[in-house]
Structures are given as structure tokens and as C-alpha cells.
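Open the model in your viewer and get ready to click along. We will go from the core to a pair of helices, and then to the confidence values.

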Amino acid sequence: MPLLTYARYQQLGGELTEAAFSPLEMRASKVVNALTHGRARRDSPPREAVERAVFALVAAMHAEEGDEGREVTSLVNDGVSVTYAAREGSPAGRFARLAREYLVGETTADGVPLLYAGVEA
């Protein structure tokens with residue numbers, strides 16, 4: 001089961017087509033599941049913080065595919081050459097930081113923080 005359905009994505013204001021959304025949702029869910037050590041997928045239906053984290057990741061991953069919002073550092077007109085400023089950090093690191101913003105402080109029904117990386121007893 002996806003962590004964010006297309007219907008819920010649209011309710012949150014998403015504008016991608018379902019065909020564009022589906023692969024990004026799958027990638028975003030993998031990020032969230034990795035950060036939560038599988039705890040996020042145990043909730044049915046997913047909690048709102050998880051849905052919003054996946055929503056934000058889908059938007060970030062979609063923006064990453066193009067040059068939207070990137071700073072232009074050099075432009076040549078006749079030869080049509082554009083150079084963009086490098087994005088800070090790796091995509092994986094940026095996506096993990098973004099997801100953590102939504103998931104910090106969230107706990108399971110048993111009170112275990114979703115982002116807890118230790119051993120559960």
C-alpha cells in the first residue's frame with residue numbers, strides 16, 4: 001500500500017498527473033520507510049505527518065528532475081549555454097532532511113519515535 005494515494009495527493013494540492021506521480025511516490029515512500037525503519041508503513045491508513053512528508057518529497061523530486069528554481073550563474077545567448085549553481089549536498093541527503101522535518105516527534109501507537117534508529121525491545 002502506498003504511503004500517499006493519488007486521491008490524497010490531489011486533496012493536499014498536488015498537480016502532477018497520476019502517471020508522473022506514481023514513480024515519484026514510490027521513491028518518496030522508500031525514503032520515508034528507510035528513515036523510519038519500516039514503521040511508517042505499519043500504520044493503516046498512514047498518519048498525516050507521513051503523508052505530508054511523502055507529498056513534500058514528491059514535489060522536491062519532481063523539481064529535481066528539471067532546472068526549476070535553480071540559480072543561473074552563467075548565460076551565453078548565441079550558443080545557448082546556461083550554467084546553473086550547484087545544489088548543496090546530495091539529492092539523498094536533501095530528501096532525508098526534508099522528510100525528517102515532517103517526521104520528527106512522530107511516534108508509533110506504542111510510543112516509539114518513527115525516526116528511532118535503536119533496537120526495540
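Start with the largest nonpolar core, which has 26 residues. A nonpolar core is a set of buried Ala, Val, Leu, Ile, Met, Phe, Trp, Tyr and Cys residues joined through side-chain atoms within 4.5 Å; buried means under 20% relative accessible area (1.4 Å probe, protein chains only). Select V32, L57 and V58, the residues with the most contacts inside this core. Next, colour helix 1 (6-11), helix 2 (18-35), helix 3 (48-65) and helix 4 (91-103): each supplies at least two core residues. Helix 3 gives the largest share, 7 residues. Helices here are DSSP runs (H or I, at least four residues), numbered from the N terminus, and strands are runs of E, at least two.

This is a predicted model, where local features need pLDDT of at least 70 and side-chain atom pairs count only at pLDDT 80 or more, while totals for chains, interfaces and linings use all residues. Residues are numbered from 1 along each chain as its sequence is written, and side-chain values use heavy atoms, leaving out hydrogens and water.

Now zoom in on V32. Which residues is V32 in contact with, leaving aside neighbours within four places in sequence? Look for L3, A40, V50, A53, V54, L57, A99 and L103; contact means heavy atoms within 4.5 Å.

Then show helix 3 with helix 4. They pack at an angle of about 155°, with axes 8 Å apart. Helix 3 is therefore roughly antiparallel to helix 4 (angles over 145 degrees count as such). Among the residues making the contact are A53 and L57 of helix 3, and F95 and A99 of helix 4.

Finally, colour by pLDDT, the predictor's confidence in each residue, from 0 to 100. The chain's mean is 85. Helix 1 has the highest mean of the elements (96), and strand 1 (residues 72-76) the lowest (60). Where pLDDT is low, the predicted coordinates should not be read in detail.

Definitions and conventions
Buried < 20%, exposed > 50% of the residue type's maximum accessible area, 1.4 Å probe, protein only. Axes fitted to C-alpha atoms, helices over the stretch in contact; angles between N-to-C directions. Parallel < 35°, antiparallel > 145°, perpendicular 65-115°, else oblique.
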